[in-house]
Amino acid sequence: MLKGFIDRLDNAVDIKNTLVELKAYLKELSPGEGRQYSDELSTIEESLKKLLKSEDPKIRKNSAVCLGLTGIAEAAGSLYDAYLSEQTKYNMAAYIEALGRLDFSSEQSAFPEYIREGLMKRREAVIASDIAFEDKKHVIDEMRELNRLLRPYIERTHDFTGYELVNEAALLTNRNFKNITIKELGHIPHKEFTAGVMVKTK
């Protein structure tokens, strides 16, 4: 089956539909089956890499998606280079999603550090940039994929600063027990209401 896709791609036979069909086929392929077709997947990887340079943005996008679905870690450099040179906003997220699908679990392959660093810089640049209204959806899609892919590398630190803030709270209690609640509050400012006691406290 994969051999047929390779022939069609290499001979430029209805490339758009071929990529759509290939994408559906690769999504259905289980990891075990993928190993059976490893040689053919490597060949199709080469065909797809060439299509990343197509003048048609939809062909570039679907080629990136298909490359991701092959899971071949060696495709990372080509996907990253295509991402950097991509000018069509709605394609950007597809490259990052494809990178996230590649299999870096073996001892021979690890997520390339230069790609990780480049994507971190891109993420920071997007956060700092002014986004045109018409590009907003595409940039949000790109950021979602960047955050998903880079989650293990993004520092999430937050210092709680609310200790001195005065908060209002409603302590709900049966009307027969309001006095017990007020007694427990001691000197904390409070006010009774129908369903209990309102308090202001740090």
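Trainee: Where is alanine 12 found, and how should I read the helix labels around alanine 12?

Mentor: Helices are DSSP runs of H or I of at least four residues, strands are E runs of at least two, and both are numbered from the N terminus. Alanine 12 is found in the loop that links helix H1 (2-10) with helix H2 (15-28). This is a predicted model, in which local features need pLDDT of at least 70 and side-chain atom pairs count only at pLDDT 80 or more, while totals for chains, interfaces and linings use all residues. Residues are numbered from 1 along each chain as its sequence is written, and side-chain values use heavy atoms, with hydrogens and water left out.

Trainee: Is alanine 12 buried or exposed, and how does aspartate 14 count?

Mentor: The class follows the relative accessible area, found with a 1.4 Å probe on protein chains only: under 20% is buried, over 50% is exposed, and values in between are partly exposed. Alanine 12 is exposed because its relative accessible area is 51%, whereas aspartate 14, at 44%, counts as partly exposed.

Trainee: Which residues does proline 57 contact, once its neighbours in sequence are left aside?

Mentor: Contact means heavy atoms within 4.5 Å. Leaving aside neighbours within four places in sequence, proline 57 is in contact with Thr88, Tyr90 and Asn91. Proline 57 belongs to helix H5 (residues 57-70), and its relative accessibility of 22% is why proline 57 counts as partly exposed. For a sense of scale, the C-alpha atom of proline 57 is separated by 27 Å from that of phenylalanine 104, a residue 47 places away along the chain.

Trainee: And arginine 60, is that residue buried or exposed?

Mentor: Arginine 60, which lies in helix H5, has a relative accessible area of 13% and is therefore buried. With neighbours within four places again set aside, the contacts of arginine 60 include Leu51, Leu52, Ser54, Glu55 and Glu86. Thr88 and Asn91 are among the residues that arginine 60 contacts, and both are also contacted by proline 57.

Trainee: At what angle do the axes of helix H6 and helix H8 cross?

Mentor: Axes are lines fitted to C-alpha atoms, for helices over the stretch in contact, and angles run from 0 to 180 degrees between N-to-C directions. The axes of H6 (residues 76-85) and H8 (residues 113-128) come within 11 Å and cross at roughly 25°. Angles under 35 degrees count as roughly parallel, over 145 as roughly antiparallel, 65 to 115 as roughly perpendicular and the rest as oblique, and H6 and H8 are therefore roughly parallel to each other. Ala76, Gly77, Tyr80 and Tyr83 of H6 meet Tyr114, Ile115, Gly118, Leu119 and Arg122 of H8 in this contact.

Trainee: Which residues of H6 are buried, and what covers them?

Mentor: Ala76, Gly77, Leu79, Tyr80, Ala82 and Tyr83 are buried in H6, and the elements that cover the buried residues of H6 include H5, H7, H8 and H9.

Trainee: How do H7 and H9 pack?

Mentor: Helix H7 (residues 92-101) packs with H9 at an angle of about 15°, their axes lying 8 Å apart, so H7 and H9 are roughly parallel to each other. On the H7 side the contact is made by Met92, Ala93, Ile96, Glu97, Leu99 and Gly100, and on the H9 side by Asp141, Glu142, Glu145, Leu146 and Leu149. H7 is mostly covered, with 7 of its 10 residues buried, and the buried residues of H7 pack against H5, H6, H8 and H9.

Trainee: With which side chain does glutamate 142 make a polar contact?

Mentor: A polar contact is a pair of N or O atoms within 3.5 Å; within protein, one must be able to donate a hydrogen and the other to accept it, and residues adjacent in sequence count only if both atoms are side-chain atoms. The side chain of glutamate 142 makes such a contact with the side chain of tyrosine 83, at 2.4 Å. Glutamate 142 has its place in helix H9 (residues 136-150) and counts as buried because its relative accessibility is 2%. Not counting residues up to four places away in sequence, glutamate 142 touches Tyr83, Met92, Ala93, Arg122 and Val126.
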